[in-house]
Amino acid sequence: MSSVDCLLFCHPKELTAIARETKFIQRERKLDMNTFLHLLFDQPGAVAGCSLTHLCAKLAKRNRTLSKQALDKRFNKNAVQFLEQIFLRLFDSQFQMAFSKLPIATTHPFRSMRILDGSSIKLPDALHTMFPGTTGGGVKCQLEFDYLTGKFYYVELQPGKAGDSPSGLSRLESVQKDDLLLQDLGYFKCDLFRKIEKKEAFYVSRARADTMFYVNSSHPRYHKNGELMKKYAHIRLYLEEEVQTMKPGESKEFPRVYIGKHERMPARLVIYRMTAEEQKRQEFRIKRRKQTKPGIIKQKVKDLSSLSLYVTNLPTDIPASEICTLYRYRWQIELLFKSWKSDLGVAPHRNMKLERWMCHLYAELIIFLLSVLLTYQVRHYFWREKQLILSERIAIREVSERVWKLVQARASPKWKELMDELLHILASNGRKNVRGSGPISWLT
């Protein structure tokens with residue numbers, strides 16, 4: 001599988017070179033590079049989840065005797081830079097590799113389906129100064145990945161209280177023609193949409209309920225010289241009236257609307273009225289948001305809670321129903337974050353110094369990236385060979401538990417043995433409990 005190339009990046013000579021560049025290795029020590037990496041990668045989350053005493057006991061099993069104080073000193077800025085550089089080089093190397101794509105039967109053949117979102121991790125209060133959150137310490141990870149291949153296109157670490165919008169603009173540098181970008185309300189910005197269009201790419205975004213939409217006036221007025229009066233060119237579209245004319249589960253399309261009272265950016269608007277069950281879940285989310293996030297929820301947001309609003313620049317040959325369905329893939333990034341937090345153990349469990357936590361975070365990012373890349377190639381293999389749909393979460397968990405062994409076995413006969421074991425386990429226990437392949441069917 002092509003993902004083995006990603007693991008081949010982690011050759012001991014390359015890792016040693018990075019360790020010397022970052023001064024992680026300056027002289028021979030009891031805790032050498034391979035033992036340090038084994039401690040970080042052999043059991044995801046152990047560095048943050050275990051006490052120093054427990055970690056020292058793990059080292060003793062490998063004939064490395066270290067005191068708690070000596071081990072704690074090895075978690076320093078050089079170790080952080082060492083792991084950061086491994087992640088950054090791995091991140092860059094994935095773009096030089098060819099990965100199989102999930103064969104989704106969309107109307108338009110997108111180059112990629114890029115999904116962007118941010119997720120916050122609560123930190124011990126001792127780290128509040130470095131990573132301030134909305135309450136106490138917190139770090140937010142902005143992640144954009146391609147649903148078709150599993151590649152990570154954008155990763156940014158921010159203080160927990162940082163907003164999402166700047167990341168939406170920062171990640172545009174790598175956008176290419178025919179990319180499809182799926183994003184939530186936190187990145188809703190007309191300037192961002194214009195820049196995506198300039199790159200000949202596509203977007204589907206949720207729109208805020210209090211967004212002002214306009215349509216072309218049926219009775220425009222003109223100046224004496226025949227020029228259109230801008231004041232009378234458009235009329236306001238009132239969503240409160242539209243929702244009264246729609247049945248639950250129905251979609252309605254406006255091929256041309258203008259967003260914003262002053263900006264009047266042209267776009268395509270699709271409105272979907274939720275079913276009773278969907279609206280119940282939405283009202284629960286609004287209630288949760290009120291409990292977890294500061295601020296007052298506007299009455300208009302509550303009044304239009306039964307509507308999902310999507311703005312896009314997709315061509316009109318793509319039906320409105322497919323636009324709503326495409327947006328449902330945005331949920332995939334929520335599944336990735338859930339795996340990262342719950343199965344890989346990125347959320348810290350105890351107080352620790354900043355450098356130790358940063359080592360833990362970069363180690364988890366490395367494991368996460370390798371696990372997702374390999375998982376998506378395995379999913380493609382099972383679909384192509386067996387018409388079987390794998391659970392992303394089960395696959396990521398099983399892969400992450402074997403990443404360090406796979407790295408060590410790269411380009412050796414042991415690799416095939418480990419992969420055969422992984423494929424057997426996933427074939428037996430990794431099947432996704434669904435009837436279909438996803439919101440849109442996969443090609444055979």
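**Reading cavities, helix sides and cores**

Modeller: In this predicted model, two cavities reach 30 Å³ or more, a cavity being a set of points on a 1 Å grid over the protein atoms alone where a 1.4 Å probe fits but cannot get out. The model's local features need pLDDT of at least 70 and side-chain atom pairs pLDDT 80 or more, while totals for chains, interfaces and linings use all residues. Residues are numbered from 1 along each chain as its sequence is written, and side-chain values use heavy atoms, leaving out hydrogens and water.

Colleague: How much space lies in the largest cavity, and which residues line it?

Modeller: Rolling a probe the size of a water molecule over the atoms shows where empty space is left. Here the largest cavity holds about 80 Å³, the space filled by probe spheres set on grid points joined across faces, edges and corners. Its lining (residues with an atom within 4 Å of a point) consists of Cys10, Leu15, Leu37, Phe41, Ile86, Ile366, Leu370, Val403, Trp404 and Val407. These are ten nonpolar residues, with no polar and no charged ones. Helix H17 (403-408) is named in the count of elements that each supply at least two lining residues, together with H3 and H15, and H17 gives the most, with three.

Colleague: Which residues of helix H5 are buried, and what covers them?

Modeller: Helices here are DSSP runs of H or I with at least four residues, numbered from the N terminus, and buried means under 20% relative accessible area with a 1.4 Å probe, protein chains only. In H5 (residues 52-60), the buried residues are Leu52, Leu55, Cys56 and Leu59. They lie on the same side of H5 because they cover an arc of only 100° around the axis, taken from the directions to the C-beta atoms. Their cover includes helices H3 (33-41), H4 (46-49), H6 (68-74) and H15 (354-386).

Colleague: Which residues have the most contacts inside the largest nonpolar core?

Modeller: In soluble globular proteins, nonpolar side chains tend to be buried together. A nonpolar core is a set of buried Ala, Val, Leu, Ile, Met, Phe, Trp, Tyr and Cys residues joined through side-chain atoms within 4.5 Å. The largest one has 109 residues, and Leu71, Leu83, Tyr147 and Trp340 have the most contacts inside it. H15 contributes its largest share, 19 residues. Apart from this core lies another of 29 residues, among them Cys190, Ile196, Phe213 and Ile259.

Colleague: Which residues is Trp340 in contact with, leaving aside its neighbours within four places in sequence?

Modeller: With contact meaning heavy atoms within 4.5 Å, and with those sequence neighbours set aside, Trp340 touches Ile121, Cys141, Gly345, Val346, Leu361, Glu364, Leu365 and Phe368.

Definitions and conventions: Buried means under 20% relative accessible area, exposed over 50%, partly exposed in between (1.4 Å probe, protein chains only). On a 1 Å grid over the protein atoms alone, a cavity is a set of points where a 1.4 Å probe fits but cannot get out, and a pocket is an open set with protein on both sides within 12 Å along at least five of seven lines; lining residues have an atom within 4 Å of a point. Ala, Val, Leu, Ile, Met, Phe, Trp, Tyr, Cys and Pro count as nonpolar, Asp, Glu, Lys and Arg as charged, and the others, Gly among them, as polar.
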